[in-house]
Amino acid sequence: MERLLVALSAGTTDLSAISGSSSTNKGLDKLTDLAGLCQLHTNMLFGIYLNQRQATIQLKGYLLINSGKWFNSNNDKHKLKLLNGAIRALKTNSYRLVQCYKCSGIGSISGEQCAKCKGIGQSSVKPKEYDLCGFSRSFWYNKKYRYLRESFKLVVNMLLVIDGELKNEIAIKKRDNS
């Protein structure tokens, strides 16, 4: 338990790299920020950020139940591959913002707004979704299985919404506890 508190206070997900602790008080402060999280947010926190297997399984169950209407196939193997790929995308931070390569993060080229990043200076990295899910490229882009790509995007968006809710709830609790 102490290692978990230290990991939360250090902001790391690698519990094996943590030995002892002199910052347990900081960890306890972080733990009080987490008190009262709903089951879904707790599973998201422990499954995605702390890589706890049981929480990840419960999160997959929630996604499978609530995203069932998006899957046009009765093929459970495809559904599980999509869910595993979406969770892997969040665990590996595959949808992160990076500095725009065209304008070098400035947002403009020769005084005009950069077309790639729309003047923001950052663009998102799009991962190879078929790799995340364990499908071959030809299978993933086959017209017959177009629904897989659409379903994957919906599941990832659902996970990103849950992640945003979790971060917002923790920020509110942290503010209230200060």
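Trainee: Asn51 first: buried or exposed?

Mentor: Asn51 is exposed, with a relative accessible area of 53%. The classes are buried under 20% relative accessible area, exposed over 50% and partly exposed in between, with a 1.4 Å probe and protein chains only. Bear in mind that this is a predicted model, where local features need pLDDT of at least 70, side-chain atom pairs count only at pLDDT 80 or more, and totals for chains, interfaces and linings use all residues. Residues are numbered from 1 along each chain as its sequence is written, and side-chain values use heavy atoms, with hydrogens and water left out.

Trainee: Where does Asn51 sit?

Mentor: Asn51 lies in the loop between α3 and α4. Helices here are DSSP runs of H or I with at least four residues, strands are runs of E with at least two, and both are numbered from the N terminus.

Trainee: What about the phi of Asn51?

Mentor: Positive, about 55°, although Asn51 is not a glycine. Most residues other than glycine have a negative phi.

Trainee: Which loop holds Ser110, and what is its phi?

Mentor: Ser110 is in the loop between β2 (108-109) and β3. Its phi is positive too, at about 55°, and Ser110 is not a glycine. Ser110 is exposed, with a relative accessible area of 75%.

Trainee: What hand is the crossing of α3 and α4, and which residues make the contact?

Mentor: The crossing of α3 and α4 is left-handed, meaning the near helix is turned anticlockwise from the far one by less than a right angle; clockwise would be right-handed. Contact means heavy atoms within 4.5 Å. On the α3 side the contact residues include Leu40, Met44 and Phe46, and on the α4 side they include Leu59 and Tyr62. By class, the contact of α3 with α4 has seven nonpolar, five polar and no charged residues. Nonpolar covers Ala, Val, Leu, Ile, Met, Phe, Trp, Tyr, Cys and Pro; charged covers Asp, Glu, Lys and Arg; the others, Gly among them, are polar.

Trainee: And how do α4 and α8 cross?

Mentor: The axes of α4 and helix α8 (residues 146-177) come within 11 Å and cross at roughly 125°. The two are therefore oblique to each other, and the crossing is right-handed. Leu59, Tyr62, Leu63 and Asn66 of α4 meet Val155, Met158, Leu159 and Ile162 of α8. That contact has seven nonpolar, one polar and no charged residues.

Trainee: What about α5 against α8?

Mentor: Helix α5 (residues 76-91) and α8 have axes that come within 9 Å and cross at roughly 45°. That makes α5 oblique to α8, and α5 passes α8 in a right-handed crossing. The residues involved include Leu82, Leu83 and Ile87 in α5, with Phe152, Val155 and Leu159 among those in α8. They divide into 12 nonpolar, three polar and one charged.

Trainee: What does Gly119 touch?

Mentor: Gly107, Gln113 and Cys114, not counting residues up to four places away in sequence. Gly119 is in the loop between β3 (112-113) and β4 (122-124) and is partly exposed at 34% relative accessibility.

Trainee: Last one: what is the overall make-up of the chain?

Mentor: Eight helices and four strands, in the order α-α-α-α-α-β-β-β-β-α-α-α. Buried residues make up 35% of the 178 in the chain.

Notes: Axes fitted to C-alpha atoms, helices over the stretch in contact; angles between N-to-C directions. Parallel < 35°, antiparallel > 145°, perpendicular 65-115°, else oblique.
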